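Have the model open as you read.

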Amino acid sequence: YNIKLANEAKVISELGAQYTKTAPVVVGLIEVENRQVIEDLIKQPALAKYDYGIIHYNSFDARGIDVALIYQKRRFTPSNSLKKEVKIYNEGKRSYTRDILVVTGFLDNEKVAFFMNHWPSRSGGEAGSLPKRNAAAVVLKQQMDSVRLKDPTTKLFAMGDFNDDPVSSSLKNYL
């Protein structure tokens, strides 16, 4: 566990450092088991000096995994965060997946919004699982439109694992 944390912290601290000379200001995380893991991660020596904050909510995902965001507190100031459930029904039965994390705030005094995603996988085949990713795309679009409606100057960043390609209908037709 400690070796994995140290390795992940090292990789995160070095992302883009050849250009910025620092660690990333904002990092989206997927496959998060719980908040404690994130707390342990940002305490690692490679990350501790950057004073990262955490935004994380538990989701109803069947496997118990979530999405989260860590951010350098001196550069990003969150003003609001929420989780949006992706409600999927299959033959009348609810199927649980990861929520979409929505975080708004100020990055170096610019209004930004981050949308952290981990859409349903292609398990069971791409075509059969596509409606699940389409449902996630609809939720993401609604959230992005909502932020844009409040302030059209807000810069929007959708990130994560969409489990689809840019030409897939979830991204092309729904988002």
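What follows looks at Asp-40, then at the helix around it.

This is a predicted model, in which local features need pLDDT of at least 70 and side-chain atom pairs count only at pLDDT 80 or more, while totals for chains, interfaces and linings use all residues. Residues are numbered from 1 along each chain as its sequence is written, and side-chain values use heavy atoms, with hydrogens and water left out.

Asp-40 lies in helix 3, residues 35-42 (helices are DSSP runs of H or I, at least four residues). Asp-40 is buried (under 20% relative accessible area, 1.4 Å probe, protein chains only), yet it has no salt bridge (a side-chain nitrogen of Lys or Arg within 4 Å of a carboxyl oxygen of Asp or Glu). What it does have is a polar contact with the side chain of Tyr-1 (a donor and acceptor pair of N or O atoms within 3.5 Å).

| Pair | Distance |
|---|---|
| Asp-40 and Lys-43, nearest side chain of opposite charge | 4.8 Å |
| Asp-40 and Tyr-1, side-chain polar contact | 2.6 Å |

Beyond its neighbours within four places in sequence, Asp-40 is in contact with Tyr-1 and Leu-5 (heavy atoms within 4.5 Å).

Leu-5 also belongs to the meeting of two helices: with Glu-8, Ala-9 and Ile-12 of helix 1, it faces Val-37, Asp-40 and Leu-41 of helix 3. Helix 1 (residues 2-14) and helix 3 pack at about 65°, their axes 9 Å apart (lines fitted to C-alpha atoms over the stretch in contact, with angles from 0 to 180 degrees between N-to-C directions).

Ile-38, Leu-41 and Ile-42 are also among the buried residues of helix 3.

Definitions and conventions:
Buried means under 20% relative accessible area, exposed over 50%, partly exposed in between (1.4 Å probe, protein chains only). Lys and Arg count as positive and Asp and Glu as negative; His and the chain ends are not counted.
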